[in-house]
Amino acid sequence: MTWIVKNSGVQLSDNSKAYLDELAKILPFNITITDGFRTPLEQAIQMAETRQEQIFDGSGENLDDVYRDKEQARAIQAKWPDTQAMSVVIKSYIAQGKYISRHLLSDAFDIRTIGGTNNQLDPSQVSQLVTALKEIGLKIVEERDHVHVEVLKAFSSTQKKSNFIVIAIIIGALIWTTS
């Protein structure tokens, strides 16, 4: 099938696009990419929206419940709801080589599962998507309305081919030794 971006503002690395092209070959349905690279301000806005959702849904969660780097999440949340101030904190951590999200490195993208008008997925499709993402070597986090995908290594079109070659060699060796 195919993948599309939600709008022209969604920026994806060539590496992410290569993985998405491979994913599209596997999936029997279309997917929509809702987010890719983020600037520090875009990350701050996203985090402020997440914090607002946490307050409205009454979950009692904080940003440090969502992000692995608890210290950084708390420091950013301390500036909430001022997204400009939050982005300054994010930039200060980036200067130290610390990234609260792989979106800041262009190493992450989000796939819509519910909401929006295009390509909403039913539970069976979400399950197929998660399986396919793992099959091609991507790290995922299932979130409320999307699957967050992290690209941790460069895509190689020979990944699957090399697996088939190894299998063929093993089978050939087994046939040779039994004949």
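Before we look at the sheet, one definition: two strands count as paired if DSSP finds at least two bridges between them. Keep in mind, too, that this is a predicted model.

With that, hello everyone, and let's start with the sheet. It is open and built from five strands, and reading across it the order is β1-β2-β3-β5-β4, with mixed pairing.

Now zoom in on β2 and β3. Strand β2 covers residues 31–35 and β3 covers 108–112; they run antiparallel and are joined by two bridges. If you want to find one of the partners yourself, look at D35, whose bridge partner in β3 is D110.

Next, the helices. Helix α1, residues 14–26, lies across β1, β2 and β3, at about 140 degrees to β1. Helix α5, residues 123–135, lies across β2, β3, β4 and β5, and its angle to β4 is about 155 degrees.

Finally, the largest pocket, with a volume of about 1200 Å³. Which residues lie nearest its centre? They are R38, Q46, D110, E143 and H146, out of 42 lining residues. Helix α2 gives the largest share of the lining, eight residues. By class, the lining has 18 charged, 14 polar and ten nonpolar residues.

Key:
Residues numbered from 1 in each chain as written. Predicted model: local features only at pLDDT ≥ 70, side-chain atom pairs only at ≥ 80, totals over all residues. Heavy atoms only, no water. Helix = DSSP H or I, 4+ residues; strand = E, 2+ residues; numbered from the N terminus. Contact = heavy atoms within 4.5 Å. Axes fitted to C-alpha atoms, helices over the stretch in contact; angles between N-to-C directions. 1 Å grid on protein atoms, 1.4 Å probe; cavity = no way out; pocket = protein on both sides within 12 Å on 5 of 7 lines; lining within 4 Å. Points joined across faces, edges and corners; volume = space filled by probe spheres on them. Nonpolar A, V, L, I, M, F, W, Y, C, P; charged D, E, K, R; others polar.
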